[in-house]
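Reader: Could you take me through this model, please? I would like to ask about it piece by piece.

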Amino acid sequence: MFLMNWWYAVAWCSDIGRTPFARMVCGEPLVLYRTATGAAVALEDRCCHRRLPLRMGTIVGDNLQCLYHGLTFDPRGRCVKVPGQDHIPPNACVRSYPVREAHGLVWVFIGDPQFADRVEVPDYHWITDEGWGAKGAYFPVKAHYLLIVENLLDLTHLAFVHATTIGNSAVVEGAQVQFRRTGDTVDVRRTMKNCDPPPTYVRAGGFKGKIDRWQYINFAPPGYVRLETGACHAGREDTADSGRITLRNLNIITPETETTTHYFWAQCHDFDPRNQKITDMLYEDVRTAFMQDVAVFENQQQSIALDPDAPEIDVKGDAGGLQARRIVQELLQRQAAGR
Amino acid sequence: MFLMNWWYAVAWCSDIGRTPFARMVCGEPLVLYRTATGAAVALEDRCCHRRLPLRMGTIVGDNLQCLYHGLTFDPRGRCVKVPGQDHIPPNACVRSYPVREAHGLVWVFIGDPQFADRVEVPDYHWITDEGWGAKGAYFPVKAHYLLIVENLLDLTHLAFVHATTIGNSAVVEGAQVQFRRTGDTVDVRRTMKNCDPPPTYVRAGGFKGKIDRWQYINFAPPGYVRLETGACHAGREDTADSGRITLRNLNIITPETETTTHYFWAQCHDFDPRNQKITDMLYEDVRTAFMQDVAVFENQQQSIALDPDAPEIDVKGDAGGLQARRIVQELLQRQAAGR
Amino acid sequence: MFLMNWWYAVAWCSDIGRTPFARMVCGEPLVLYRTATGAAVALEDRCCHRRLPLRMGTIVGDNLQCLYHGLTFDPRGRCVKVPGQDHIPPNACVRSYPVREAHGLVWVFIGDPQFADRVEVPDYHWITDEGWGAKGAYFPVKAHYLLIVENLLDLTHLAFVHATTIGNSAVVEGAQVQFRRTGDTVDVRRTMKNCDPPPTYVRAGGFKGKIDRWQYINFAPPGYVRLETGACHAGREDTADSGRITLRNLNIITPETETTTHYFWAQCHDFDPRNQKITDMLYEDVRTAFMQDVAVFENQQQSIALDPDAPEIDVKGDAGGLQARRIVQELLQRQAAGR
């Protein structure tokens with residue numbers, strides 16, 4: 001069961017070109033390509049004739065021709081040619097998905113296409129904004145997408161999983177945490193005053209003494225998690241020489257199947273934004289941290305598969321994640337009820 | 001569900017010797033070997049005692065001795081020795097399958113052995129006939145066997161999948177097609193007049209100008225598909241210098257499981273039959289084409305597994321394949337009804 | 001379905017140290033480690049919070065800290081720390097398993113811990129007894145554990161599977177066999193008089209002529225199989241120069257899942273017990289033989305999986321194995337009935 005009628009990120013814009021690109025989203029097989037003028041197209045990756053994946057086919061002009069018998073589909077998924085006959089059966093078509101390109105990503109609308117215009121692609125403008133340095137990656141993850149959402153909404157794990165990069169004990173023992181649900185979104189605000197800077201912050205901000213640090217996390221369904229994090233010299237937040245740095249950690253988490261996920265993320269910084277060394281350093285540290293997280297997700301998933309009904313206990317740090325799970329649950333119920 | 005009471009090709013004759021050879025056919029595990037005098041034997045590949053595959057055993061004279069406790073089975077599957085005791089339990093036996101060798105292949109009768117003599121091994125004599133040059137291969141295919149049958153009954157795919165060898169646009173746009181069901185067999189006759197020769201035909205027949213080309217396809221259940229194909233100089237079919245070449249493309253398609261197949265095929269030619277260069281060239285071209293087909297079958301199978309109930313549309317070229325599927329369906333229904 | 005309330009061997013003592021060691025037993029995921037003072041601990045390998053396997057965590061003093069959010073568990077499985085909060089939820093705990101170390105192995109009690117003290121760890125003292133030379137190994141086996149038990153209770157297979165080491169035709173054709181069930185144990189006593197020594201016995205005992213040989217096999221549930229085997233010069237059993245050698249082949253067979261097994265075994269000898277060459281030679285021969293057996297087990301398992309309901313016939317040699325299966329069956333029935 002996946003949330004329908006949402007925009008899901010399916011690829012980086014640079015992944016899609018004039019050769020077919022296949023990706024499964026929410027259990028649906030998609031094939032993407034660009035028309036002659038560069039427009040991104042997303043079609044069902046299965047010919048309506050003998051079900052060969054269209055990813056094996058050839059782009060002809062703006063259309064995609066099946067490898068097997070040459071049936072050719074236009075960007076709207078309509079069959080425009082059946083070799084060997086003039087008549088095109090009226091039901092000869094494949095699904096076509098609404099597509100948007102924004103923030104460096106290609107988004108497809110999974111659900112009923114008539115609702116696509118009423119739903120907005122989420123804001124991830126920092127990835128492409130000139131005022132920000134940014135670098136991201138794609139990770140295929142063998143785990144349910146909500147395990148990743150949950151991870152990002154409880155940053156106490158930084159102290160344990162990421163002690164060599166973005167975490168230290170202050171994020172768990174010294175944090176003040178507020179959380180708030182607004183409609184179907186969740187905000188978790190964490191502030192840590194007068195604490196030691198973690199290794200990545202020392203490298204990025206050059207901090208030598210204590211810092212004030214914050215982590216503002218926003219979740220919106222189905223799998224959008226945006227973090228604003230930052231730090232300044234302890235007690236000097238509003239001063240001219242606060243040393244303040246602001247980072248955006250942006251996560252776009254797209255279900256592939258019930259147990260696998262496409263995980264897109266980018267790390268952005270507003271200080272010295274054209275300094276590629278800073279961009280690279282931050283990216284490498286976050287990449288190191290996130291690969292540790294992927295090992296966590298995949299081991300959780302295997303552990304859950306062993307005994308899906310094993311109980312879990314909750315702790316204080318779970319408040320945000322539990323709320324996110326509740327929102328998804330409510331939306332799935334509404335969806336099942338046809339609302 | 002497989003068709004019972006048919007001869008299925010299980011191996012090339014040269015595959016079977018004095019060491020056990022295992023192959024699953026229609027979901028049944030078989031082990032084959034030759035007796036001291038060279039007769040091929042096919043037994044159930046599972047000892048009736050503790051179920052060890054007999055393929056791990058040893059041939060002793062005409063019999064097969066299980067590796068584990070030495071129970072020994074004769075070519076009829078009867079246990080003739082239980083080490084450590086004189087008494088042989090009356091139910092100590094494994095299934096024995098009727099075997100024929102014909103046309104370079106070993107055939108086993110899957111079903112009730114008492115019907116074996118009433119059913120004929122199909123005619124594939126071209127493979128071993130001295131008047132023909134022939135060369136073949138075995139492909140293990142991860143797809144249902146009827147996907148291969150269907151492929152061979154709609155040769156329009158040659159224009160798309162095999163444009164570098166045996167296909168060009170003439171096979172789809174310039175073909176006259178007739179098809180006829182006779183009893184439980186299907187014939188598809190395709191003729192293409194005054195068309196360009198495909199690359200393989202140029203290489204084999206030395207054609208420089210237009211040709212008349214034909215493809216006569218015969219299907220008989222469960223998975224026998226025999227093609228007679230050929231070409232001559234356009235409009236000179238009945239003349240002395242027609243340049244006519246005739247080829248036989250022979251396919252013996254044996255289900256291994258519901259989703260995997262043993263695919264035996266051979267390519268034969270009646271012109272210059274002892275010219276190994278011609279034989280090799282034709283074989284290599286068909287092999288190239290058929291490996292492209294295998295990629296098609298396996299991707300179809302995966303696509304079908306993703307959504308087994310996804311609908312398909314049919315086009316004109318499917319007439320033969322649809323009829324073949326109908327015949328298999330009817331035979332399965334008759335079989336289920338016990339007729 | 002596994003037998004509950006038994007001691008199962010889970011690792012060699014030397015496997016367990018100050019880093020977590022994971023192993024599944026009877027379908028239950030376990031993690032083992034040693035406390036600061038060296039005591040072995042066995043916990044459920046799944047954090048009660050977000051189900052990450054605890055094997056990914058860190059040993060802190062006597063406790064195990066989860067990698068993910070730092071929840072820390074003591075050797076009894078009680079959570080003693082939830083980072084970021086003072087309150088520890090009363091249900092924050094993981095299963096703790098009773099542990100014993102004996103005979104070079106770590107044993108865990110699978111079932112209800114309150115019964116652990118009423119059940120004895122089986123006697124395998126020969127492995128560590130100074131009067132014996134001993135060497136063993138661990139084999140992971142992709143087969144049900146009773147296939148291994150059954151193998152050891154019918155040694156006629158030595159003549160076929162192990163003719164290069166511990167077997168020859170005498171073990172099947174020349175053996176006198178008695179078997180007896182006592183409570184829930186089975187004894188099979190095999191004696192072979194005036195027979196040729198198998199290769200391993202020639203190497204170990206230096207026998208040149210005929211020997212008298214014996215194999216006394218004891219089975220106790222769930223998967224304990226102890227063999228005393230030996231030989232002497234034929235007809236000189238009770239003489240001073242009998243040349244008698246006695247061996248112990250010890251098998252501890254622990255189910256991992258329904259189709260996989262942890263197989264621990266050791267080969268021991270009472271003659272020249274400090275002679276490492278003898279120990280190594282016997283170990284190598286038995287290892288060679290047991291690796292042949294593993295191939296048998298795994299092929300049996302695959303054959304059974306193909307057709308779980310295929311019938312089996314029994315022969316004389318099966319008397320011990322059938323009795324062992326019956327005992328396990330009876331115990332499972334008693335267990336299901338709650339007795």
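Reader: What kind of model is it, and how are things labelled?

Author: This is a predicted model, in which local features need pLDDT of at least 70 and side-chain atom pairs count only at pLDDT 80 or more, while totals for chains, interfaces and linings use all residues. Residues are numbered from 1 along each chain as its sequence is written, and chains are lettered from A and ligands numbered from 1 in the order in which they are written.

Reader: What is the mean pLDDT of chain A?

Author: For chain A the mean is 96, and 100% of its residues reach 70 or more; pLDDT is the predictor's confidence in each residue, from 0 to 100. The model as a whole scores ipTM 0.94 and pTM 0.95.

Reader: Into which domains is chain A divided?

Author: Chain A has domain 1 (6-118) and domain 2 (133-336), with bounds that come from an automatic or database domain assignment. Their C-alpha centres lie 34 Å apart.

Reader: How many residues does each domain of chain A give to the contact?

Author: Domain 1 of chain A gives eleven residues and domain 2 of chain A gives nine, where contact requires C-beta atoms, placed from the backbone, within 7 Å. On the domain 1 side, β1(A) has the largest share, with five residues. That side divides into nine nonpolar residues, one polar and one charged. Here Ala, Val, Leu, Ile, Met, Phe, Trp, Tyr, Cys and Pro count as nonpolar, Asp, Glu, Lys and Arg as charged, and the others, Gly among them, as polar.

Reader: In what order do the seven strands of the open sheet in chain C lie?

Author: The order is β12-β18-β17-β16-β15-β14-β13 in chain C, with antiparallel pairing. Strands β12 (133-141) and β13 (175-182) of chain C are at the edges with a single partner strand each, so one side of each is left without a neighbour in the sheet. The twist averages 15 degrees from one strand to the next. Strands (E, at least two residues) and helices (H or I, at least four residues) are DSSP runs, numbered from the N terminus, and two strands pair if DSSP finds at least two bridges between them.

Reader: Which helix packs on that sheet, touching β12, β17 and β18 of chain C?

Author: Helix α5 (residues 276-306) of chain C does, and its direction makes about 20 degrees with that of β12(C). Helix α6 (residues 319-336) of chain C lies across β13, β14 and β15 of chain C, at about 170 degrees to β14(C). Axes are lines fitted to C-alpha atoms, for helices over the stretch in contact, and angles run from 0 to 180 degrees between N-to-C directions.

Notes: Contact = placed C-beta atoms within 7 Å.
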